[in-house]
There are 2 protein chains.
Amino acid sequence: MSGVDILISEVGPRDGLQSIATIMPTAAKKQWITALAAAGIREIEVGSFVPATVLPQLADTAELVAHGLTIDGLQIAVLVPNFRGAEHAIAAGAHKISIPLSVSETHSLRNVKRSHAQMLEEIARIAQLVNALPVAKRPHFEVGLSTAFGCSLEGPVSESLVVQLAEAALAAGCHEVGLSDTTGSAHPVQLRRLITKVWSAVGKDKLCGVHLHNTRGQGLANALAAIDMGISTVDASMGGIGGCPAAPGASGNIVTEDLVFLLESMGLETGINFAALCAARELFAYAMPGTELYGFTPLAGLPKGLEIT
Amino acid sequence: MSGVDILISEVGPRDGLQSIATIMPTAAKKQWITALAAAGIREIEVGSFVPATVLPQLADTAELVAHGLTIDGLQIAVLVPNFRGAEHAIAAGAHKISIPLSVSETHSLRNVKRSHAQMLEEIARIAQLVNALPVAKRPHFEVGLSTAFGCSLEGPVSESLVVQLAEAALAAGCHEVGLSDTTGSAHPVQLRRLITKVWSAVGKDKLCGVHLHNTRGQGLANALAAIDMGISTVDASMGGIGGCPAAPGASGNIVTEDLVFLLESMGLETGINFAALCAARELFAYAMPGTELYGFTPLAGLPKGLEIT
């Protein structure tokens, strides 16, 4: 989509903010989303339709979807934990709905209080709802196979289970699956192997994106491995915000700014203007003082002679 | 060498410390080197034979070489800027001598006050000295092609010049050349292209190592690209120490700890025990309070179920 080689899906407003306790004011979030879009970001996951009591930080998701929809050419994505969340997402008019299906059932039970079978049922119900909509109003419905590379509760997960769940999710009617390194334990060899296996089972067009964490600093190496294979959508968060309360200093998603430098220097078009992206970062830093921002390129600047516009 | 798949050459005591103003006491350096070796590090660049007036931090290099030589199985590397430095290195008994040959002549003139022609003459003199030694006492003599991927003074550099200088350095009698991303501007596509070109010109056995900086967070992605091609030696610094005074927050070399996790998780043997490596990091942190240490894996810990011993 969008005339770019690689689509960077900015998940900062959702995955980044959800583990930050200080509530970012809705007005500031809107300014931030506007600035990210102005920098050329084509897709933003603006929030998650979870009960406000569970994640007060994301209570304004519907308002952020509405705001995002006013920005021309911006694809608005949201996360939903269940059928009810999907109903809200559809009512709000989101372009893309993602639901997590944890390969680690232990993690699934803890995260969304549902087993694999229950989640697949939920996915089927959502797919029915989504696919009954007229094409013009139908959001893209993706299932994110979380903990696909390992789980901090279960340890290693079975790769054949990842493949089985990918097949089951697509059979239940979702449009696409994604692979999520929820705990930041993936490595390039594993990524290549798992992408190959899932592609063999479901077809290359049914797995286009990866969601990588930088917990152990491997984010860009993993992104490179995925992109080299032909993955075309990579989630990232501005400033690598997110982190993990259980691992001090361990950042969250891969850093959008550094990913943009990696891709653009390799000659892959992202559609992003680097200076404008740094301006969005500044705007965030001003609105959320004290939040630790990761990423090296904004501090070092671009190499002499390189422009990313 | 050393029965490992990838040789991690630890350059923290040289490249890491040289940009840190606070002098690390020699006794603490020795303890650190011992701890690194105990963790399984097979090669350490312990210092540089430059005048103490230029780099007071590295004034104890001869003493550190002597200390390193007492550690069984440890390869002791040193940097030298010129012939006189090489004489000192040989007198000290270093196993490996590296000299920088900057592809950017502007950088060469500023760094070692010599043009390409003058440096090649210096390299020839050192090679003559080295190759006249009996085999048992002959150090490995490497020329590091610095700024091979770009220069913060000149901007982009010519790839054919990199190849020419590699050929000229080998013709002058050095044993091997290395590619150094001195300014942290390399990207994977460039690395692959340049390694291919140099290999075509001089043979695969004459370029085995890369020296990468993490200035823009691309270090591990670049390391992956190099390793995938068959590069077998990668420089790294514990805690990513080094940095660049001109780029606040921009770390120095790639982080040894995160590199070890990357390689070992991919199934590549480094010979390193991760817990012992973290102990060496703690020892450094204790000796040099206030020095910013990078790296995510020491903070996050290894993924559940993975051991690196």
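Where is the place of Asp258(A)? Asp258(A) sits in helix H10 of chain A, residues 256-265 (helices are DSSP runs of H or I with at least four residues, strands runs of E with at least two, numbered from the N terminus). The model is a predicted one, in which local features need pLDDT of at least 70 and side-chain atom pairs count only at pLDDT 80 or more, while totals for chains, interfaces and linings use all residues. Residues are numbered from 1 along each chain as its sequence is written, with chains lettered from A and ligands numbered from 1 in the order in which they are written.

Asp258(A) is buried, with 26 other C-beta atoms within 10 Å (buried takes 20 or more such atoms, exposed 12 or fewer, partly exposed falls in between, with C-beta atoms placed from the backbone). Leaving aside residues up to four places away in sequence, Asp258(A) touches Leu220(A), Gly295(A), Phe296(A) and Thr297(A), along with Arg216(B), Gly217(B) and Gln218(B) of the other chain; contact here means C-beta atoms, placed from the backbone, within 7 Å. Phe49(A), by contrast, is 209 residues from Asp258(A) in sequence and 29 Å from it in space, C-alpha to C-alpha.

On to the interface itself. Chain B and chain A put 40 residues each into the contact. On the chain B side, the elements giving two or more residues are H8 (188-202), H9 (219-229), H10 (256-265) and H12 (297-300), all helices. That side comprises 18 nonpolar, 19 polar and three charged residues (Ala, Val, Leu, Ile, Met, Phe, Trp, Tyr, Cys and Pro count as nonpolar, Asp, Glu, Lys and Arg as charged, and the others, Gly among them, as polar).

Chain B superposes on chain A by a rotation of 180° with 0.0 Å of shift along the axis, at an RMSD of 0.0 Å (least squares on C-alpha atoms of residues with pLDDT of at least 70 in both copies). The two copies are therefore related as by a two-fold rotation axis. In chain B, Ala221(B) has the C-alpha nearest that axis, 1.9 Å away. Both copies use the same surface, as 100% of the contact residues of chain B recur in chain A.

Within chain B, eight strands close into a barrel in the order E1-E2-E3-E4-E5-E6-E7-E8, with parallel pairing (strands pair if DSSP finds at least two bridges between them). E2(B) and E3(B), for instance, run parallel and are joined by five bridges. Gly47(B) stands opposite Val78(B) of E3(B).

Note on methods
Contact = placed C-beta atoms within 7 Å.
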